[in-house]
Amino acid sequence: MSKKYKFPIIPHTHWDREWYFTTSKSIIYSLVDFSEVMEVLEENENFPHFLLDAQTSIVDDYLEFHPEDEERIKKLIKEDRLVVGPWYTQTDQLVIGGESILRNLYYGITRAEELGKSMMVGYMPDSFGQTAQMPQILNGFDIYKNTFKRGIKAEQYPKNEYYWESEDGSRVFNCYLDRYGNFTYFTSEEESLRALIERLKKETDERSRISTLTLYNGEDQRPIRKNLPEIMEKMKLLFPDCEFSISTVEKVMEQMENEDIEYDTVKGEMTSGEYSRIHKSIFSNRADLKIMNNKTENLITNVSEPLSSIAYKLGLKYETKVFEKVWKLMCENAAHDSSGMCNSDNTNSDIWYRFKRSQEIMESLNEINMRLIGMKIPEKDIFQFQVYNFSPYTRNGIVELEIFTPSDKFTIRDASGKGLDVTLLHSEEIPERVRNKMLSEVGFDGNEKPRWVQEDVRIFSSKILLYITDIEAMGYKTLYVKNEEESFTSEKLSDIVENSGIENDILKVEISQNGEVSIFNKVNQKEIKGSLVFEDSGDDGDTYDYSEPRKDWILHSDKHEIKNIRVQKSDIISILSYTAILEVPADLKEREQHIVSKKMDVNVKITLEKGSDLLKADVELENTAIKHRVRVLFKTGINSEFSIADQQFGTIKRPTYLKEVENWKENGWNEKPRTIEPMQSFVTLKNADYGVAVFTDCVREYQITGEGYNTIALTLFRSVPEMGKADLKDRPGRASGMPWPTPDAQLLKKLKFNFAVKIYTMDESINKIAVKAKEYLTPFTSYQSAHFKNVDMFFLLNQPGAKDFPEEYSLFSFGQNNTVLSTVKKCEKEEGLIIRLFNPDFENGTSENICYNEKIKNAEEVKFNEKTLVKELGNNSDIKLDNIAKCHALSIKIKN
């Protein structure tokens, strides 16, 4: 009996919203192409299905200009003829935060269901690598099938069909999607069809366990192929040993999974360039935009959503649609290729604007929420203000703030009267014109004689560092400013002459003349030497990839003496500032000749805060050269075979050396295997004695280098002048993208970075390191709602009725702090809160309990879609969560 091949055909278009072209251009072209898709489906019953790239944002883009077609679209979707969802945009994965991916799926599925139906397959035809957590993320939306193109290698699994499993046991039936245009480039002539089908048969024999290969008829921005049904009928006659049918991804994968065969299971992330380019170093191009993404994601999830949740539980409105708007802007920027920033400069300027708009909306929402809360707290002091802690545990620490004070000599006290440590950075009385403006607005809100007018207080603008203690979990504390010149205890930062080191009660930091930093932990008696050395290497790559130059020359900042050393100190903070010198070639031509004609002053500020075991560093520089990469090195003294870094809702262990690098060209890899890796916020090396972790709020890329792989290299930025280049040393062959100049990607401008270092011993689990990283990215926030701020420069607000909010408040806390809080937010479609947390450990399960500070009606664990019940948790305010699997995230819905 002859072999029978099954070739289901998926008509589709892969619709990049932007790339070398802008969103505006793709939208205008979609008005023609999508209209044509609907016409063909409506007029030709032999053309049963068309996949609109599994993303709903492009449908809304179309409907903005053709709203009259909404009912046509809904009818086609309900009939399963036009297939949309589950994504809002076709997201990339490795460099985007977990919450960003969840919102992308949530808004994509929600919108698709509003239109009629969502495809429930994790279709990812072009994302640059796959996170190991994707099966868990998909399962959280009741999605159990997946298909993707890039990232797998033969060593992981040489066949197309298998189960893919996350560390927590979540799994999807997965089918490798070799090319989403594998059935596109042919004519209807018999010779062309025979050549194509013979090649596809061979591929099926090599890779399919079930003699099935899905054929994708479509490609980037391609219109519908109208004569596809006729071509299919012709192929049925030409190839009687083949079954052809126009189908959907859902139907095909269901048939595959139900074959009478036991499929194998594969685990881990998919980041191999064996079969497809995955651009393993795309995490650091356009560092300016990558940093905007990371800081905006952290602003939304670590500050804005928790703050809005606190305001909501106090009785204020939760602006659900505002968050939806911002998350959709972020999803647009998270799309492939937008998140890679491997785009034209024109397109990247649109991405910059969406980040800027998102940040401004969130900052404005934060301000009004804190203002409204402050206005509802009884006025015990004209200058009182609140400090917010968005961590799920009580915290101490330093907050930098600008507030109005009654003089330049004052004390700050808590509700019990305890004075707090203050370092005064600057204070000056407000100008008379500003005070007169404040006076002119008195009475607007019905308060004709506010206290500040009755008492005729002076008003100073003061910038301070405040050391605050015991600020409650997920809440705020009100503090009071007293004009107490006689007991004035605020101190200024004083310069320490002839000193090149700083210390606090935990750490001691010293710097050598060439800028190498040693860090000594006085508590655990561990020391690392040779940190914060800046490395400059050539970069012959493009906006997709770093590529080692054929003649590189690597330079380090420790070859020059540092300058401008300054040590400043107060009781609560110590600061070491200096300038490291990087003399670098202007370009690769100078690098080949060992010429340096450019100099970069790397301005470093190292900070040690009272009670903190983190060395915090801020770096500023102006990039003056092109075709190079700058990294900062941390010598740990730990020889390593593996690194550990965080990923979405967990951590991952990666080898520091890849044996495939030895013969990758001979084996036909698409790009060089590299240990340049992504992270979310931290990377660590550890041995049986101690560990060193580096936290970042900036570029999420690292590599383990050095003798014995003992050095963490944190990428700061890459400077490349072209979108795509051909024949790179690390990526042979054609150019990725377009061979176009991208002057903005050279980053010839001022750049800022921040990161932190922690030395720990083995009594600190990976959970504690992950919690500390989250804390680093979750700053204290403060606001002063003084009545005299009710002027048009701040916007006018009417005073609330009753001032009945508490002066201190805590929404909930974690009892054990074995887990990381991902975010807390209002439920999307009902009253109640979602608290999302995860166990970061990739080796061990854990437990946690949520101590909710109000009586609750009921609590339940739900999936990421917020509607599928996992388990009931009862109505006890102390919610116990046992046996949380490794790298597993939970969404807890609380109603009260």
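In this structure, K563 and D601 form a salt bridge, with their closest N and O atoms 3.9 Å apart, where a salt bridge is a side-chain nitrogen of Lys or Arg within 4 Å of a carboxyl oxygen of Asp or Glu. The pair links distant parts of the chain, since K563 belongs to strand β24 (residues 563–569) and D601 to strand β26 (residues 598–609), 38 residues apart; helices (H or I, at least four residues) and strands (E, at least two) are DSSP runs, numbered from the N terminus. K563 counts as partly exposed at 33% relative accessibility, and D601 is likewise partly exposed, with a relative accessible area of 28%. Here buried means under 20% relative accessible area, exposed over 50%, and partly exposed in between, using a 1.4 Å probe and protein chains only.

The model is predicted, so local features need pLDDT of at least 70 and side-chain atom pairs count only at pLDDT 80 or more, while totals for chains, interfaces and linings use all residues. Residues are numbered from 1 along each chain as its sequence is written, and side-chain values use heavy atoms, with hydrogens and water left out.

By the salt-bridge rule, the count comes to 83 salt bridges. One of them joins R111 to D60, with the closest N and O atoms 2.8 Å apart, and this pair also links distant parts of the chain, R111 being in helix α4 (residues 98–115) and D60 in helix α2 (residues 57–65), 51 residues apart. R111 is buried, with a relative accessible area of 14%. The side chains of K145 and E257 meet in another salt bridge, at 3.3 Å from N to O. Because K145 lies in strand β5 (residues 145–148) and E257 in helix α8 (residues 249–257), this pair ties together parts that are 112 residues apart in sequence. K145 is buried, with a relative accessible area of 18%, whereas E257 is partly exposed, at 22%. Beyond such pairs, R17, E18, D61, E332 and R354 are linked in a network of salt bridges.

We turn next to the aromatic side chains. A pair of aromatic rings is described by the distance of the centres and the angle of the planes. Rings of Phe, Tyr and Trp (its six-membered ring) pair if their centres lie within 6.5 Å, and planes under 30 degrees apart count as stacked, over 60 as edge-to-face and the rest as tilted. By this rule the count comes to 35 aromatic pairs. The rings of Y176 and Y275 have their centres 6.0 Å apart and their planes at 45 degrees, so this pair is tilted. Y176 is in strand β7 (residues 171–176) and Y275 in the loop between β10 (265–267) and α9 (287–314), so that the pair links distant parts of the chain, 99 residues apart. Y176 counts as buried at 4% relative accessibility, while Y275 is partly exposed, with a relative accessible area of 27%. In the pair formed by Y388 and F390, the ring centres are 5.9 Å apart and the planes stand at 20 degrees, so the pair is stacked; both Y388 and F390 are buried. Elsewhere, Y5, F7, F239 and F244 form one aromatic cluster.

Rings also take part in contacts with charges. The charged end of R171 sits over the ring of Y163, 4.2 Å from its centre, and the charged end of K789 sits over the ring of F794, 4.8 Å from its centre. A charge sits over a ring if NZ of Lys or CZ of Arg is within 6 Å of the ring centre and within 35 degrees of the ring normal.

Finally, the backbone has some features to inspect. The peptide bond from G85 to P86 is cis, with omega near 10 degrees, and P86 is found in the loop between β3 (82–83) and α4. A cis peptide bond also joins H336 and D337, with omega about 10 degrees, and D337 is placed in the loop between α10 and α11 (345–375). Q221 has a phi near 55 degrees, a positive value in a residue other than glycine, and Q221 is found in the loop between β8 (215–217) and α7 (228–238). L532, which is not a glycine, has a positive phi of about 60 degrees; L532 lies in strand β22 (residues 526–538) and counts as buried at 1% relative accessibility.
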